[in-house]
Protein chains: 2
Amino acid sequence: MKKHNYSAGPCILPQEVFEKSAAAILDFNHSGLSILEISHRSKDFVAVMDEARALVLELLGLEGKGYQALFMHGGASLEFLMVPCNLMKQDGKAAYLDTGTWANNAIKEAKFFGETVVAASSKEANYSFIPKDFSIPADADYFHCTSNNTIFGTQMKSFPETNVPLVCDMSSDIFSRTIDFSKFDLIYAGAQKNMGPAGATLAVVKEAILGKTGRSIPSMLDYQKHIAAESMYNTPAVFPVYASLLTLQWLKSLGGISAIEKINEQKAALLYTEIDRNPLFKGTANIEDRSNMNATFLLNDEAHAPLFDELWKKAGISGIPGHRSVGGYRASMYNALPLESVQVLVDVMKELETKI
Amino acid sequence: MKKHNYSAGPCILPQEVFEKSAAAILDFNHSGLSILEISHRSKDFVAVMDEARALVLELLGLEGKGYQALFMHGGASLEFLMVPCNLMKQDGKAAYLDTGTWANNAIKEAKFFGETVVAASSKEANYSFIPKDFSIPADADYFHCTSNNTIFGTQMKSFPETNVPLVCDMSSDIFSRTIDFSKFDLIYAGAQKNMGPAGATLAVVKEAILGKTGRSIPSMLDYQKHIAAESMYNTPAVFPVYASLLTLQWLKSLGGISAIEKINEQKAALLYTEIDRNPLFKGTANIEDRSNMNATFLLNDEAHAPLFDELWKKAGISGIPGHRSVGGYRASMYNALPLESVQVLVDVMKELETKI
């Protein structure tokens, strides 16, 4: 039976990525060798890395604009540390927008390096909205925000105009919607939502902002070292990078970000319309801040949970129980989730209504 | 044609690991989902992580001895930073044995944290031997060594007796030979030699040595945080960890480290015997320090290189050109390389002799 995978991440990837990457494990590029046993310095893998880095910039519209795309280790959690280490000056300060668990974790790491100003927070409202009226200190070394909050189902629909360098954790919505990415000085993302499997981490950095802290930076935390080594400072996560390339190629073949954005909007509209229409459910996030990636919703009456859970399981749906911080349900609709899967969930929600 | 993969890492893994991991990409555990799209918090993946961690301790003979096995991000290069960050006290010092490029890189990162004493170095001899007569300062917070030097083809055959915590980078020979692993307080290794594909990193740490530096440690660098989170502090590299588990299961089914050690000794004896016998070749490493994992050797006359290169390529051998620091050839004979592949190389060396 076909599965409808709503996992919040790692998450569904295109079927052709599964097929091509499985084939490459048995024989990569007709070399007689597995992608798992080739040297990262081999011509074939250097070509994979180069193409993946170039394709990131192409898809984001950042070619020739002074950016470098890096495939790194450590996930967004290591970037939480790298960002202040590379950007906060000695005795400097940074400003952060606190929109959820991950933003909060990023703030914790910044405090190791200097004054960390929280420009605004929606913590008091269990992060159910995106703060909008706030000011960014003009003397901040950078401003950091989280474009999409996987756990709380909120998404920034616009980004502040500011003269300080703009840093964004786009782990859970990069490559899902058109944004003027050139507004940002540093974008990073764990691969495991819209870019590939867990184990690769993307950083897209404007070179001009680096090297200004006056701090010596340990090698593995230093973006400049990774840039100089063309993303091969140490052995990269070969297979996750390769599967990420396949995912980026799939996105390009669909028509790029603007094409997938239309589908993502259709999926989100379909589900949110049902959440708002169906008297059994309610959304948890402020309507104007709702995420097109992660829809968080509750049953109005918890007593209906056993029947609802039975119905969606029977329909082949997986991965929709909500995060413990919010409860209820979370339907993650990343790029590779087909519209058809959202229809299946909506049908189950309607079916529940007829049975109660 | 069958390939004989002598790559120094990433490197050959058992054929059954390729087959099982490719199958899991198409359907993991008959779940209808790919290993690439499941949540790291799913029951099935938590079981993978738990089994992998337990199997590491079992294979190393460290069960019930106060150790924790962690699967982490970042490769040995990030461990170079984590080790001093977790073990060097404020105003403390550490002692390092400098046996090659990687040892040297580890030393560089230690210097960020405090006094870093090089107990001995073979740098002057292009790292062709392992220094033996040296003393470790009794007040060092730890002593760090590299058990096997991939680039230079040397391997420590014994380890110093010392009262200070003993830390070892075993990236290129862990799981290849029996050692009393309980002599070590911290062992780490990038996966991509004997444990699995690139993208997973193993740390095996004696819990009692942690938490003594007086330093606040950033989250991703803190072994205690990773232990508390049972190696899931952030999203692990799901596929590389899974493929590592398959490789560890293969090793256990063969009879564990003592069984593979016998085969590794046969392979090394076969190749070194030919290097020493064949008048066309010479080894580069001090004989008593020769690595059973990486045999480095040169042609006595470089003029024979084109013919030798033609012969080994024709025989299906790949990955034996030497590292630029040493030149010549490097045959890496990790656990998964069959004895048969070494015989093919030895036959080619003999064939060269008959043709000259």
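Me: Where does A:N29 lie in chain A?
Reply: A:N29 sits in the loop between α1 and α2 of chain A. Helices here are DSSP runs of H or I with at least four residues, strands are E runs of at least two, and both are numbered from the N terminus. This is a predicted model, where local features need pLDDT of at least 70, side-chain atom pairs count only at pLDDT 80 or more, and totals for chains, interfaces and linings use all residues. Residues are numbered from 1 along each chain as its sequence is written, chains are lettered from A and ligands numbered from 1 in the order in which they are written, and side-chain values use heavy atoms, with hydrogens and water left out.

Me: Why is A:N29 called partly exposed?
Reply: Buried means under 20% relative accessible area, exposed over 50%, and partly exposed in between (1.4 Å probe, protein chains only). A:N29 has 45%, so A:N29 is partly exposed.

Me: What is the phi of A:N29?
Reply: Phi is near 50°, a positive value in a residue other than glycine. Most residues other than glycine have a negative phi.

Me: Why is A:F175 called buried?
Reply: The relative accessible area of A:F175 is 0%, so A:F175 is buried. A:F175 lies in the loop between β8 (166–169) and β9 (186–190) of chain A, and its phi is near 65°.

Me: Why does A:R41 count as exposed?
Reply: A:R41 has 53% relative accessibility, therefore A:R41 counts as exposed. A:R41 lies in the loop between α1 (15–26) and α2 (43–60) of chain A.
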